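Hi,

Here is the structure I promised to pass on. Have a look at it first, and then read my notes below.

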Amino acid sequence: MPTNWDPFPDRVQFEIADFLYRKNQMSGSQINELLDLWAASLNGNSGPPFADKNDMYRTIDKIAVGDIPWKRFSITYTGPHPAGKVPPWMLAEYEVWYRDIHELIRYQLSNRQFNNQIDYAPLQEFAPDGKRTWSNLMSGNWAWQQADIIGEDPSTHGATFVPVVLGSDKTTVSVATGQNEYYPLYASLGNVHNNIRRAHSNAVSIAAFLSIPKTDRQYTNDKAFRNFRRQLFHTSLQVILEPLRHNMTVPDITLCPDGHYRRVIYGLGPYIADYPEQVLLACIVQGWCGRCRAPRNNLDSELVGRRSHEHTALLIDALDEKSLMNDYGIISTTTPFTAHFPRADIHELLAPDLLHQLIKGTFKDHLVTWVCEYLTAVHGEAYAAAVMADIDRRIAVVPPFPGIRRFPNGRGFKQWTGDDSKALMKVYLPAIHGHVPPQMVRALSAFLDFCYLVRRNIINEETLDAIDDALTRFHCEREIFREAGIRLTGFSLPRQHSAKHYRFLIQMFGAPNGLCSSITEAKHIKAVKEPWRRSNHYQPLQQMLVINRRLEKLAAARIDFGARGMLNGPCISPHLQAQAPMVPSPTTDDFEDFGEQEVVNGPRFDSIVRLARREARGYPKTIHGLAQRICEPNFHLYLHYFLMDQLYPDVQVDADHPPPISYRPILDCRISVYHSAVATYYAPSDYSGIGGMLRQCIRSTPSWYNGPARRDCLFVNNDPNQLGMRGLHVVQAMLFFSFSFRQVQYPCALVRWFEPVNDEPCPDTRMWIFKPELDRNGKRLTTIIHLESVLRAAHLIGVCDDKFIPREFKHTDSLDSFRAFFINKFSDHHANELAF
């Protein structure tokens, strides 16, 4: 096995440097303090792994792999100066820091971590029924079309097409002042699968820090300044991407994740950007669409063509500047950077943006705001405030659930993030039900359906039809806002209009969740905000560049050492392992090691529900003792019914058909109680591991955080031949336990049952409504089920209709207080694909 840890002497020193600098992000002064304490503990027999922080920094700087140094260039204004006083922005020098994009993409392409998670050629995927599916970028029509063009040239025929996905967005690192603003540009290998890009791994790298020209208020709206700002942006991108141009037409021989060398042809791929950034990229006027030629005052008009460089050039030759802006929304003074590269057109490459177009844009900024405006217009400010306060209380009393953020004070906070908007989407529809007209509820329901459909990891032809249907319903039902006087000017809004392009964009670029701006927003934290916090805030950019370079070197070294098999097994030596005390190793179902929910890296496997590793203490081990403790006098009967069903599945056994005495097994077994179970299942549309697996904790505990009990609900398999909720039961877990009978271990759950109120979902919310199921005595129907029948956790939200929630009502009482519940199909994407 290779043992060259260069520049580190051994694995221990590498692991320490990686832990202190990358994982823990310890400050330099604390590193020095730790190393001093370490040296003192050794009593002079030997030294610590590093003399001080500088020694550790120098060692990290010597790492050769992943070393792509930062460079810079400057741009100045070269146009005419006005007579008299020259604006300061015309005299300033604008610095751009960047890395060689060619070397950056070559490094990404050689990353061994991407092996088996990358496509070397465009492909068309089909389901078993023969229908087309779309997932990763290379499964879309655009990659196929690009490969066809490349294949027409004999010199590039057979070369691997490597699209470069770009993304840019300004970000603020200090909310207090708002002055510390940075403009990162990110680059990603388009061939990697969406789950790799979404997993915030090394598939997205920072390529540059663009310059942000600023001026005082006197010149902010000056036409020359605005033109220069656009030209600075596009010129910077052109210079940064120039190293790729040669190998966009001439093959480049480079190493790939599988260890083979290939001839590759690069190309500019989809560009991840929010709407203001798309306006800048497409060189259009605010309020117009960057993809199509729909008029600004009627964006949803039919039969409009798509924008292109060729069409824009023809218009520029034929029309004056004013006509171009007013009639076509074209800013003719700037040429998009893509015009300088082969096979690239920015109007084609604008990626769909789930976060800003749909979640933060249409949902939060439009629909939620319009609902509030409607309530005020109809009820007046005083009563509308009372209704909105009740909507907030409805949101606040939603039962806890893995992956759902609690809003203890409703949604009344000032700083909205993308995560806040996503969290509100999951619980908002039941909260407004009964307070607004049914058509308004249907409009929100249709839009949420659209959002969850387009956010799926794999989209097939049926999903595309469902997307069209949801969008049609939304456009029809949103008219309630016009009729109510809230949107008298109509709905010609760029972010809502963008939804019309999603079907086409999915067919071109695959599932949109692999090209969402949430990917670059998450990268802001690691590449910009955390390095800024680690700096001393004096000329921080230079320090941020060094920090990013060291972080990427450590990450690259870990990949390199791992690929050579040098990181297998624990870091501690076998001799010391023998002397170390025995510590139980964590298991995959130990909820205390991960909390509510976590991703599971590794390959896909069948879904499974297991009891937690740790048994709950203080419970009686006998049947009758446990029955008294949990106040279930019929517990022994439930256990008999359960065992009869397991041992004699053909014999009907329930409360109305008790088993004969001769059939009843003699129960004298030890019972173990648990306060949780863990469901692990395939959920690639949610934030999951590389293999698409997600682990979720299901709780049934008499006290949650020293407070009231928490009893989660479950989806239970019923009929596999039925789709959606027609094939599922819903129960509430009152107790998790296990016992052994005839040398067979039975993991079980004592559950209370729910039943559907109607045979169809609610026509307005399109969510199923269930109610507590009662036995013949009018009590909650209670049984014991095997954990094998449990699919995962279910989220229930009480149906309020037009009733107000009491102020003193608590979320811990929700599941015991309502007469009916919505089955929340918006709790996550996996639930959305189940509970229809």
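A question to start with: is K553 buried or exposed? This is a predicted model, and in it K553 is buried, with a relative accessible area of 2%. Its side chain still has a partner, as K553 and D67 meet in a salt bridge at 3.6 Å, N to O. D67 sits in the loop between helix 3 (53-61) and strand 1 (70-76) while K553 belongs to helix 22 (residues 540-563), so this pair ties together parts 486 residues apart in sequence. D67 itself counts as partly exposed, at 29% relative accessibility.

That is one of 37 salt bridges that turn up in a search of the whole structure. A couple of others are worth a click. R495 pairs with D365, with 3.1 Å between the closest N and O atoms. Since R495 is in helix 19 (residues 494-497) and D365 in helix 13, the pair ties together parts that are 130 residues apart in sequence. R495 is partly exposed at 28% relative accessibility, and D365 is partly exposed too, with a relative accessible area of 26%. Then there is E615 with R670, where the closest N and O atoms are 3.7 Å apart. You'll also find a network of salt bridges linking R11, E15, D18, R22 and R558.

Helix 13 deserves a look of its own. Look at G380, where helix 13 bends by about 125°.

The search gave four cavities of 30 Å³ or more. The largest cavity has a volume of about 140 Å³ and 15 lining residues, with Q278, C289, R291, Q357 and S498 nearest its centre. Helix 9 (275-282), helix 19 and helix 20 (502-509) each give at least two residues to that lining, which divides into eight nonpolar, five polar and two charged residues.

The second largest cavity comes to about 70 Å³. Among the residues lining it are R394, V397, P430, I797, C800 and F818. Helix 15 (428-432) and strand 26 (796-798) are the elements that supply two or more residues to the lining of this second largest cavity. Its lining residues split into nine nonpolar, two polar and one charged.

Cheers

How values were computed:
Residues numbered from 1 in each chain as written. Predicted model: local features only at pLDDT ≥ 70, side-chain atom pairs only at ≥ 80, totals over all residues. Heavy atoms only, no water. Bend = angle between axes of the 7 residues up to and from the residue. Helix = DSSP H or I, 4+ residues; strand = E, 2+ residues; numbered from the N terminus. Salt bridge = Lys/Arg side-chain N within 4 Å of Asp/Glu carboxyl O. Buried < 20%, exposed > 50% of the residue type's maximum accessible area, 1.4 Å probe, protein only. 1 Å grid on protein atoms, 1.4 Å probe; cavity = no way out; pocket = protein on both sides within 12 Å on 5 of 7 lines; lining within 4 Å. Points joined across faces, edges and corners; volume = space filled by probe spheres on them. Nonpolar A, V, L, I, M, F, W, Y, C, P; charged D, E, K, R; others polar.
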